Amino acid sequence: MIRFYLVGVLFCCSVLTIEAQRLSGKVISAVNQEELPGVNVIIKGTSQGSVTDITGVFTVDVASGSTLVFSFVGFKTQELIYTGQANVTVIMEEAANELNEIVVVGYSSISKRDITGAISTVNADDLKNISVNGLDQALQGQVAGVQVTQSSGTPGGGVTVRIRGATSISAGNRPLYIIDGIPVETGSLSSRNFGGQNDNALALLNPNDIETYTVLADASAKAIYGSRASNGVIVITTKRGKNTKTQISFDIQRGIVDAVKTLDLMNASQLLDLQRETVTNADQNPDGFGLIKGVTDGINTNWQDEVLRTGIMQQYQLSATGGDDNTNFYISGSFREEEGVQLNNSFQRLGTTINLDQKLTDKLSVATNLSLSYSLNKRVKGDNFLDGVYSGAGKSLPFYTPYNEQGQLVGPASALYAGFPNFNPVAQALLPRFNTSTVKTLMSISGTYKINSELSFKAQASLDYNDVKEDQYESSQTAIGGFLPSVGGQGYGIFNASNFTNTVYYGTFSYSKKFSDKHIFNTTVGSELYQNYSSGGSVQGRLYPSDDFTYINSAGIVDAGGSYKEPPHTILSFFGEARYDFDDRILVTASMRTDGSSNFGMNNRYGYFPAISAAWRLSQEKFFHANIVDDLKVRTSFGLTGNERIPSFGFLGLWGPSTYNGGSGVVSLNVPNPDLKWETTQETNLGVDVGMWGGRLQTVLNIYYNKTSDLLLIRPYPFTTGFGGIPDNIGEMENKGIELSVSSVNLDGPLRWTTTLNLSRNENKVLFLADSIPLYRGYSGEGVDATNIIKEGEPLGTFWGLNYLGVNPATGDAMYEDLNGDGLITNTDAMVIGNAQPKLIGGITNVLSYKGFDFSFFFNFSLGNKVLNFSKATLVNMGADIQNNQSVDALRRWKKPGDVTDIPKYELNSTLNNLHSNRLLEDASYLRLKNVSLGYNLPNSIINKINFRQIRIYASATNLWTYTKYTGSDPEVSTLDGSTAAQGIDFFTLPQVRTIALGINAVLK
């Protein structure tokens, strides 16, 4: 019997050998005629087949009459019946419909077609022409509901990202970033901000290593992340190897960087005339102030020209990717350097990424991710610093010079030194050393074991480690090191060292089962342990022997320092998610996560965050008849998310060290609150997805309402208690809005033209505060409590001040609304004067390609937002002082009775005319050509001769053009980087930069 069986097997094999023939072929793209590597070539009805190599070539043994199936991500699946030919060329067309694309959501992945929540995906190819330092910058204008603002033009500086508005006042509003399953550090790592401007932890990562960004916006999509998900989740996957021949590519990019706009300031003659008039209007003699024509204005320095420059940007990347049936790899190395437009300001990043995937057995596979980076941020003081560089250039009088006759920088010991509050902005840029160096390690290892065809287990351990060193020295020729009396006039140095560590361990079971042809069930359950650690120390010294000795060891006095180690912040989580698909018509997703946080006491340590969503695909129903509509799906979701981003152990009564009368001891730092609990956001979403004309037009519409309860704030206490207040849950806030995304393939032939558009509107409102007491934020304003207010019934970012009624033509004095009618203008007359929230934001991208050419242009815009041009409180100060330069706006000031103007009379030491009011508030709506690029792929006839698979040369420009009525440098900036309550203030903030670059991208054969 056994012998008969073996003979039968051998006979069948011999028959197959006789019938099967060797077929060779090549697969190319219909768009640009380039070879396509990694295309799956499968004999239909079997698991046998092949994969095209780097040149698009494949070989496969196939019997005559068999059907070959060619499939590749982003292209239409094609079939070919084999009839005995020896060689074939298959031309694959791009797929306009991307609904079958797989996206990573939470701890699992899903087809776009089956999404039941508000999820958006951006592919790296869509962002390849945008030159940015941080990966968060790349999302600006790309996704509906996501507002991205770069706080200033400082390289490596802060970026603010809000998804569907701000959900908290004090517990943080940054989204949760997950990179290859690793929650990463965001925000600032430096222990020092420079006038409100911070560094950006996400600038340590190379955007060119990113494969996809997936934005989880509603509760159904993000509740699986529980307590850290209320501000939205951005899931990022990095590039990985594929089953292809090793592919080596490199990218080189060099360009120039300059400021998009500078301030319009007076020259020396204009300013001197104004100052003499200002003093005269106060019935004083301007000559007595040294304001003499032909003498005082003998020097005319344009300080902005002196401190600003055209910087150089350069970027290099080398990568290799490939693999086989068992091992896949992606390896890259990169270097980026951008000179800031301010002297002595630059950002450098050197990094490498190594991603490996190994199939150990048919059941067990492992994956590792490793990203190492080193950055050097050479910072300069900015914004509202009195001795800042750009702020100093804006305020400093043009009557002084940066250099003496010997070409040396003017310092405090020189008779040419202006002194407080002018200093020497050029010296403030060139002489101090503010170097922040950071080493980042982002790594993980995971293993997946397939228990059977339906059940698998995955475990992952990950680490995000950030080591930060700050080396600072201000010489005796600077304002702090040489002018400030308390320092001693002989230099001032600081050294800080700190580290931030996140560790995550999780395990999940995933089960998938298909019941008949109509029922599909998927579920994932798991547990996770997250811990965050930080520690650091600092020391400062002064009285250095000379400016040749600049480190702490050389300081004559080391009189301050300290160190700290924070106890670990821990979150223990249990979660589960289930998906059900009935006949590709009814889709239901339900999830539940339980988080236990060390930030809360036993009374409320655990938070529970459920979510449910459902979708109905009407286009699959028998009653639906619309030939132009391919896919129509309506969605709804509801769920809870949380926020616990407050200082650790705030529920406890903490104690700390103190000294009194020469003795040391401990004191109580805060009032305990064992009932402190989570902020909870209740989220509701309604959505519609429509695909038309074979996927050539796709539309996604979302409407949402989010209400945040139990806001984490400080409940005020009388200061007689010894405490300012107690942490408590005392507020409510809402966000509601609408989002629209549209993508279209306008032309699909030799000339291909695609368009993507996204529009978003979000309305934010504070519903409740403790005792209805408003909270003042921002800066102090002349004559009012503050520039910003948090008030019931108003949105975050609300501006506070007097209502400016114009200039009295008879007297030249400013007029304000007397709100309480008492005949006086005081802080009791202050009112809400506007807010920084835009009414509409969005972006539109057009991409055209013809043969080897490609052209793209991208606009983003913001409509209806206000910016407080707080610089004008100094630059159009109506004579409050004569120690600062003035804006050319002052040329239209009131001079004589009968003048009709918006600028009051200048009079020395006048405060009435410069009270804080909506005179400083401006419409900051803008339309910006954010990026434009032109590229050309060299033809195969050329690149084949030099053994290249692809060579693309290109030119790109960022922030090329802006339309706005805002009179400051830039409508997008925000002095207080990341602030929620005091956003939209421009206080001598460095504007965005314009980048123009040339580049080449090449792939070796």
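**Exercise 1. Aromatic pairs**

Task: Find how many aromatic pairs a search of the whole structure gives, and classify the pair formed by F423 and F483 from its distance and angle.

Solution: In this predicted model, a search of the whole structure finds 23 aromatic pairs. A pair of aromatic rings is described by the distance of the centres and the angle of the planes. For F423 and F483 the centres are 5.5 Å apart and the planes stand at 80°; since planes over 60 degrees apart count as edge-to-face, the pair is edge-to-face.

**Exercise 2. Backbone geometry**

Task: Locate S516 and F988, each with a positive phi although neither is a glycine, and the cis peptide bond that joins F420 and P421.

Solution: Begin with the expectation that most residues other than glycine have a negative phi, and that most peptide bonds are trans. S516 has a phi of about 55° and lies in the loop between β24 (492–515) and β25 (519–542). F988 has a phi near 60° and is placed in the loop between β49 (948–964) and β50 (993–1004); with a relative accessible area of 1%, F988 is buried. The peptide bond between F420 and P421 is cis, with omega about 0°, and P421 lies in the loop between α5 (389–395) and α6 (425–430).

**Exercise 3. Two open sheets**

Task: Give the strand order of the four-stranded open sheet and of the five-stranded open sheet, and identify the edge strands of each.

Solution: The four-stranded sheet has the order β38-β39-β40-β43 with antiparallel pairing. Its edge strands, each pairing on one side only, are β38 (775–777) and β43 (831–835), and neighbouring strands are turned by 45° against each other on average, direction ignored. Within this sheet, two bridges join β39 to β40, and N788 stands opposite F799 in β40. The five-stranded sheet runs β10-β15-β16-β13-β14 with mixed pairing, and its edge strands are β10 (119–123) and β14 (182–183). β10 and β15 pair in the antiparallel sense over five bridges, with N123 opposite T212 in β15.

**Exercise 4. The largest cavity**

Task: Describe the largest cavity by its volume and by the residues of its lining.

Solution: The structure holds 13 cavities of 30 Å³ or more, and the largest has a volume of about 410 Å³. Its lining comprises 35 residues, of which Q147, V148, T149, E972 and Q983 lie nearest the centre. The elements that give two or more residues to this lining include β11 (146–150), β12 (159–163) and β37 (751–768), and β11 gives the most, with four residues. By residue class, the lining divides into 12 nonpolar, 19 polar and four charged residues.

Definitions and conventions:
Residues numbered from 1 in each chain as written. Predicted model: local features only at pLDDT ≥ 70, side-chain atom pairs only at ≥ 80, totals over all residues. Heavy atoms only, no water. 1 Å grid on protein atoms, 1.4 Å probe; cavity = no way out; pocket = protein on both sides within 12 Å on 5 of 7 lines; lining within 4 Å. Points joined across faces, edges and corners; volume = space filled by probe spheres on them. Nonpolar A, V, L, I, M, F, W, Y, C, P; charged D, E, K, R; others polar. Pairing = 2+ DSSP bridges. Axes fitted to C-alpha atoms, helices over the stretch in contact; angles between N-to-C directions. Buried < 20%, exposed > 50% of the residue type's maximum accessible area, 1.4 Å probe, protein only. Phe/Tyr/Trp six-rings, centres within 6.5 Å; stacked < 30°, edge-to-face > 60°.
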